[in-house]
Amino acid sequence: MITIISVRQNPEYAVKAITYFQQSWPEVAPVIYQDCISNAINAKNNLYPLILQAEKEGKILSSNVAILEDRIAVREGRPQTYGSQGFYDPQTKKNYTYPLTDPENIDTLRKSRGLQPMIEYKKDWSIEDYNTNLAKAEEHLKKIMNTNK
């Protein structure tokens, strides 16, 4: 079993992470890894207003911002809006969608940000299946949040 550790939430692992990357991909300059890890630790969501402004000016696709918003929500343990984040369970051999803010209106929400309907995004997706598997998705999200603490 592999344990994923967030360096941002556990900065004491920064040196181990940098060493691992340097040993795994020695052709990349070590300063690149050091810079990436230190920026990951110090990064805040303070760039989000700039991202929204770039979206408003047409410099960033709304669909990309929507996916970013979902990633942030899931990372923070909150329900996502557009259904772009999920996980695969090798035991059940099924894909699951992390909790949604408004599953009944998911396609309207997705369309508002230039995303395709859920059934086109995830071929086996249905609101019934989502509701049936919601408890498993919530449990998985809690497990991730506990791992990253």
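# Exercises on a predicted model

A search of the whole structure, which is a predicted model, finds 6 aromatic pairs.

**Exercise 1. Classify the ring pair of Tyr20 and Phe21.**

Step 1. Take the distance. The ring centres of Tyr20 and Phe21 lie 5.6 Å apart. Rings pair if their centres lie within 6.5 Å.

Step 2. Take the angle. The two ring planes stand at 65°. Planes over 60 degrees apart count as edge-to-face.

Step 3. Conclude. The planes of Tyr20 and Phe21 are at 65°, so this pair is edge-to-face.

Step 4. Look for further partners. Tyr20, Phe21 and Trp25 are linked into a cluster by ring pairs.

**Exercise 2. Decide how exposed Phe21 is.**

Step 1. Read the relative accessible area of Phe21: 27%.

Step 2. Apply the cut-offs. Buried means under 20%, and exposed means over 50%.

Step 3. Conclude. Phe21 has 27%, so the residue is partly exposed.

**Exercise 3. Describe the second largest pocket.**

Step 1. Give the volume. The second largest pocket has about 240 Å³.

Step 2. Name the lining. Thr3, Ile4, Ile5, Val7, Tyr13, Lys16, Ala17 and Tyr20 line this pocket. Tyr20 also belongs to the ring cluster with Phe21 and Trp25.

Step 3. Sort the lining by class. There are 6 nonpolar, 1 polar and 1 charged residues.

**Exercise 4. Work out which element gives the most to the lining of the largest cavity.**

Step 1. Count the cavities. There is 1 cavity of 30 Å³ or more. The space in the largest cavity is about 130 Å³.

Step 2. List lining residues. Among them are Asn95, Tyr96, Thr97, Asp129, Tyr130, Asn133, Leu134 and Ala137.

Step 3. Find the elements. Strand S2 (94-97) and helix H7 (127-147) are the elements that give two or more residues to this lining.

Step 4. Conclude. H7 gives the most, with 5 residues.

Step 5. The lining of the largest cavity holds 5 nonpolar, 4 polar and 3 charged residues.

**Exercise 5. Find the charged ends that sit over the rings of Tyr96 and Tyr121.**

Step 1. Start with Tyr96. The charged end of Lys136 sits over the Tyr96 ring, 5.6 Å from its centre.

Step 2. Go on to Tyr121. The charged end of Arg110 sits over the Tyr121 ring, 4.6 Å from its centre.

**Exercise 6. Sort the side chains of strand S1 (residues 86-89) by face.**

Step 1. Recall the rule. Side chains in a regular strand alternate between the two faces of the sheet.

Step 2. Take one face. Phe87 and Asp89 point to this face and are buried.

**Exercise 7. Trace the hairpin of S1 and S2.**

Step 1. S1 and S2 run antiparallel, joined by 4 bridges.

Step 2. Gly86 stands opposite Thr97 in S2. Phe87 stands opposite Tyr96 in S2. Both Tyr96 and Thr97 also line the largest cavity.

Step 3. The hairpin has 4 residues between the strands. Lys93 is found in this loop.

Step 4. Check the backbone. Phi of Lys93 is near 55°, a positive value in a residue other than glycine.

Step 5. Check the exposure. Lys93 has a relative accessible area of 62%, so this residue is exposed.

Note on methods: Residues numbered from 1 in each chain as written. Predicted model: local features only at pLDDT ≥ 70, side-chain atom pairs only at ≥ 80, totals over all residues. Heavy atoms only, no water. 1 Å grid on protein atoms, 1.4 Å probe; cavity = no way out; pocket = protein on both sides within 12 Å on 5 of 7 lines; lining within 4 Å. Points joined across faces, edges and corners; volume = space filled by probe spheres on them. Nonpolar A, V, L, I, M, F, W, Y, C, P; charged D, E, K, R; others polar. Phe/Tyr/Trp six-rings, centres within 6.5 Å; stacked < 30°, edge-to-face > 60°. Buried < 20%, exposed > 50% of the residue type's maximum accessible area, 1.4 Å probe, protein only. Lys NZ or Arg CZ within 6 Å of the ring centre and 35° of its normal. Pairing = 2+ DSSP bridges.
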